[in-house]
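Subject: Structure handover

Hello,

Please find the structure below, followed by notes on what was found in it. Please read the notes with the structure open.

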Protein chains: 2
Amino acid sequence: MDRRRATVRDLRRQNRSGLLGTLFFHGPLSRAELGARTGLSAATVSTLTAELVEDRLVVEAGQVDSDGGRPRALLRVDPGYAHVVGVDLGETGARVELFDLGLRRVATAERPMPSTRPDPADVVRSVVAAVRDLLAESGVDDLLGVGVGVPGTVEDGSRVHAQTIGWDGVPLAELLRAGGLRWPLHLENGAKTLGQAEMWFGAGAGAEHAVIALLGSGVGAMVVTDGATYRGATSSAGEWGHTTLVYGGRGCRCGARGCLEAYVGAEGILDRYRRARSGKPVPRGDDPARLAFLLDAAERSPAAAAVLDETVGYLGAGIGNLVNLFNPERIVLGGWAGLLLGARLLPRIRAATAEHALRHAFERTSIELCTLGPDAVAVGAATLPVAALLARGADPRAHRAAGGRGVLGTTASPA
Amino acid sequence: MDRRRATVRDLRRQNRSGLLGTLFFHGPLSRAELGARTGLSAATVSTLTAELVEDRLVVEAGQVDSDGGRPRALLRVDPGYAHVVGVDLGETGARVELFDLGLRRVATAERPMPSTRPDPADVVRSVVAAVRDLLAESGVDDLLGVGVGVPGTVEDGSRVHAQTIGWDGVPLAELLRAGGLRWPLHLENGAKTLGQAEMWFGAGAGAEHAVIALLGSGVGAMVVTDGATYRGATSSAGEWGHTTLVYGGRGCRCGARGCLEAYVGAEGILDRYRRARSGKPVPRGDDPARLAFLLDAAERSPAAAAVLDETVGYLGAGIGNLVNLFNPERIVLGGWAGLLLGARLLPRIRAATAEHALRHAFERTSIELCTLGPDAVAVGAATLPVAALLARGADPRAHRAAGGRGVLGTTASPA
DNA sequence: GAGCCTTAGTTCAAGTCGCGAACGAAGGTA
DNA sequence: TACCTTCGTTCGCGACTTGAACTAAGGCTC
């Protein structure tokens with residue numbers, strides 16, 4: 001099979017999709033503004049919007065005076081048209097959230113993981129029950145779809161490989177469906193859904209080429225090219241954390257040596273700090289608390305300052321690699337560790353990147369921090385069913401055709 | 001501007017483009033086979049091919065018996081429909097080649113560079129004269145377009161930055177046009193055009209996600225995602241050679257430390273060999289000869305073997321980074337140094353890559369050698385006007401609309 | 001306040017397009 | 001010679017976008 005054929009109806013769907021998308025991301029807009037933005041003629045905008053209004057996807061939203069002519073009638077996507085659920089399946093617990101179509105949070109539920117290596121069946125039961133609770137509590141009885149961010153990679157949109165919780169090839173989509181989730185399911189790596197959220201509503205908004213670089217215990221990246229998430233041949237692209245940065249260097253939990261993650265992942269940073277203190281443990285609490293301690297200590301402790309200096313250098317080189325390879329217009333640093341570091345060190349990280357990236361590309365790249373915080377995995381997951389709706393132009397006939405399989409690889413950013 | 005609108009005529013062009021593309025890459029084919037491959041109905045294939053035949057782009061190419069039915073009439077793109085010129089603007093000389101539409105070489109001319117830091121005006125004069133000579137000698141009087149591979153980066157499809165020959169922002173496209181090249185011009189980095197040639201006719205053929213990794217004096221990569229060349233925000237993506245592999249390591253000509261190029265670029269390898277021989281110069285000739293000497297010496301000299309061992313390790317780590325970040329289905333190793341190394345060391349390079357890449361992605365990636373040799377830059381450059389023709393579906397009306405500007409970012413591989 | 005201007009949005013005829021069905025073409029086979 | 005199989009073409013149909021004409025709804029001027 002070479003190419004998709006294009007029929008005259010695909011045209012309609014494509015234009016409907018474009019219209020709906022601009023309305024979603026830039027609305028409210030008048031019909032005239034819609035025409036200007038999409039390039040469609042006034043006639044087409046008129047018939048298409050009439051159709052969307054009849055389908056209850058779009059509603060009128062007030063009027064705006066024009067300079068001495070007929071006032072503009074504003075249109076916007078009706079947030080109440082449908083609801084979506086986003087699930088953040090993390091290593092310590094599941095967060096299940098209900099959103100309206102505008103991705104405003106309606107209700108939230110949290111469920112702890114039954115163990116550190118949980119039985120998929122238990123997790124599925126817990127998540128399905130949480131979804132039911134949310135729907136009952138909010139009086140919502142139908143969903144557009146359910147997006148799930150998982151702590152690992154997703155194969156064929158269905159099977160989950162997540163080393164840290166001991167899942168290897170768990171057919172999560174089927175299990176959730178069998179458990180009673182009868183709506184379209186969209187599975188995706190949690191870091192990628194977090195990145196998706198940043199692309200839609202955070203620091204990545206408007207960028208066509210961006211890399212969301214996430215630092216937590218692990219290190220990963222989500223690459224957006226031409227406005228679409230870059231997945232590679234088997235959806236495992238963006239494993240930035242396990243690129244070699246220090247050939248022959250520190251051992252990494254992946255088995256290799258010198259991975260970026262071993263240096264700028266939270267555990268790597270704290271371990272280097274521990275060694276700098278000659279083995280004395282880093283005091284107090286969990287990893288985030290310890291990293292914060294390190295950042296504070298740097299003001300008075302040369303050892304701590306040196307560890308941070310090194311970290312900035314490593315991170316600059318790692319980000320420089322992203323700049324050189326992907327030539328993005330924007331790099332967005334996030335993850336809980338990334339945000340802690342970035343809050344204090346961003347200017348120095350930028351300077352370190354400049355030392356390692358090629359001048360031309362670096363000068364055209366901005367480096368910023370995530371704006372949504374680490375809890376955005378669930379929103380990001382919830383964007384997936386919405387993205388699918390926008391991509392198919394909310395054509396009711398295309399709904400069944402998609403058959404519950406997610407439409408991936410589309411609309412990573414409001415273009 | 002959000003999206004391009006789609007009119008009913010774009011439909012036609014799109015389908016025409018698809019048909020022409022499958023015919024170009026997979027022809028000759030019968031109309032029935034075309035329908036099966038493109039998904040178009042027999043009726044549409046019939047009218048579209050009739051149009052293409054009338055436009056003289058497509059010709060009949062014999063018949064094939066079918067099992068007791070009407071024989072298939074085969075169609076193929078007419079190689080004589082148009083000609084294209086590919087220019088390989090290298091550091092030591094320019095190679096100008098004339099091709100037919102099937103990219104069979106018709107004539108060749110070579111011109112040495114006037115100096116190591118040539119005046120753009122001289123180069124332009126020389127290239128334009130060579131093009132005229134080729135046309136006169138072959139009796140060709142019109143061209144579909146001219147593709148130029150340059151030893152540097154291209155900004156906005158027009159300005160060339162090439163450090164090694166001292167060009168910084170040379171408006172090459174305008175100069176060539178002013179010099180008398182009145183056909184559509186397509187400028188592109190030479191490594192990328194070489195990669196393009198491999199994607200169309202070499203080891204990359206058929207791959208949707210691939211990385212062409214090129215080792216010469218310098219080191220670069222061309223990334224193909226979803227069948228299209230990945231350029232990034234400002235067309236400088238793929239600078240693999242200047243990613244940091246050995247943090248704080250050897251100095252690189254780019255000014256940074258520890259770049260991959262400083263270790264696996266030919267100069268880097270030879271310099272390491274020289275040091276291993278305690279400063280004794282590596283004997284005989286130019287760099288390719290020296291590298292070949294090193295490869296031979298490895299069979300008896302432990303010092304040479306050690307240098308190669310290290311090289312394999314560094315290269316494995318570098319390729320592993322490509323695997324982890326891009327998750328390609330295929331990595332194609334080329335460039336003169338890459339081919340020399342690969343010819344003897346490919347199995348070991350694969351093994352070294354396995355040590356650094358994540359298992360999942362590595363197992364789904366094949367690592368192969370370029371099959372076209374280092375002279376394919378000119379063919380690759382010549383693919384650019386052809387790709388533009390295929391992309392616009394050879395619609396005569398779209399010809400003027402493109403206005404001589406190349407249609408880039410399309411059709412990197414026969415999908 | 002009547003008439004006119006400006007801007008927003010709708011309706012309609014016209015021109016395209018792809019597709020399914022019917023049909024013609026071209027060979028083999030009984 | 002009649003029939004079958006496969007390939008390719010023709011034609012009517014429904015669907016699509018668009019420009020132009022037209023209606024809607026306000027401000028402005030005299």
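The surface near DNA strand C draws at least two residues from each of α2 (31–38), α3 (42–54) and β3 (72–77) of chain A, and from each of α1 (8–26) and α3 (42–54) of chain B. Here helices (H or I, at least four residues) and strands (E, at least two) are DSSP runs, numbered from the N terminus. A residue is near a molecule or strand if one of its heavy atoms lies within 4 Å of it.

Some conventions before the rest. This is a predicted model, in which local features need pLDDT of at least 70 and side-chain atom pairs count only at pLDDT 80 or more, while totals for chains, interfaces and linings use all residues. Residues are numbered from 1 along each chain as its sequence is written, chains are lettered from A and ligands numbered from 1 in the order in which they are written, and side-chain values use heavy atoms, with hydrogens and water left out.

DNA strand C

The largest share of the surface near DNA strand C is that of α1(B), with 4 residues. There are 28 residues around DNA strand C, and those that come nearest are Ser46(A), Arg72(A), Ala73(A), Arg12(B) and Gly68(B). Of the atoms of DNA strand C that come within 4 Å of the protein, 69% belong to sugar and phosphate.

By class, this surface has 11 nonpolar, 11 polar and 6 charged residues. In this scheme Ala, Val, Leu, Ile, Met, Phe, Trp, Tyr, Cys and Pro are nonpolar, Asp, Glu, Lys and Arg are charged, and the others, Gly among them, are polar.

An N or O atom in the side chain of Arg72(A) is 2.7 Å from a phosphate oxygen of DNA strand C. Arg70(B) is placed at a base: an N or O atom in its side chain is 2.8 Å from a base nitrogen of DNA strand C.

DNA strand D

Around DNA strand D there are 27 residues, of which Arg12(A), Thr44(A), Gly68(A), Ser46(B) and Arg72(B) come nearest. Sugar and phosphate make up 72% of the atoms of DNA strand D that come within 4 Å of the protein.

The side chain of Arg70(A) has an N or O atom 3.4 Å from a sugar or linking oxygen of DNA strand D. Two or more residues of the surface near DNA strand D come from each of α1 and α3 of chain A and α2 (31–38), α3 and β3 (72–77) of chain B. The largest share, 4 residues, is that of α1(A). The surface divides into 9 nonpolar, 11 polar and 7 charged residues.

Chain A and chain B

Contact, meaning heavy atoms within 4.5 Å, joins 61 residues of chain A to 61 residues of chain B. The buried area (accessible area, 1.4 Å probe, that two parts lose on being put together, summed over both) is about 5300 Å², and carbon and sulfur atoms give 56% of it.

The interface has 23 residue pairs in polar contact, both at pLDDT 80 or more. A polar contact is a pair of N or O atoms within 3.5 Å; within protein, one must be able to donate a hydrogen and the other to accept it, and residues adjacent in sequence count only if both atoms are side-chain atoms. On the side of chain A that touches chain B, α1 (8–26), α2, α10 (302–326), α11 (336–356) and α12 (359–363) of chain A give two or more residues each. The largest share, 9 residues, comes from α10(A).

Regards
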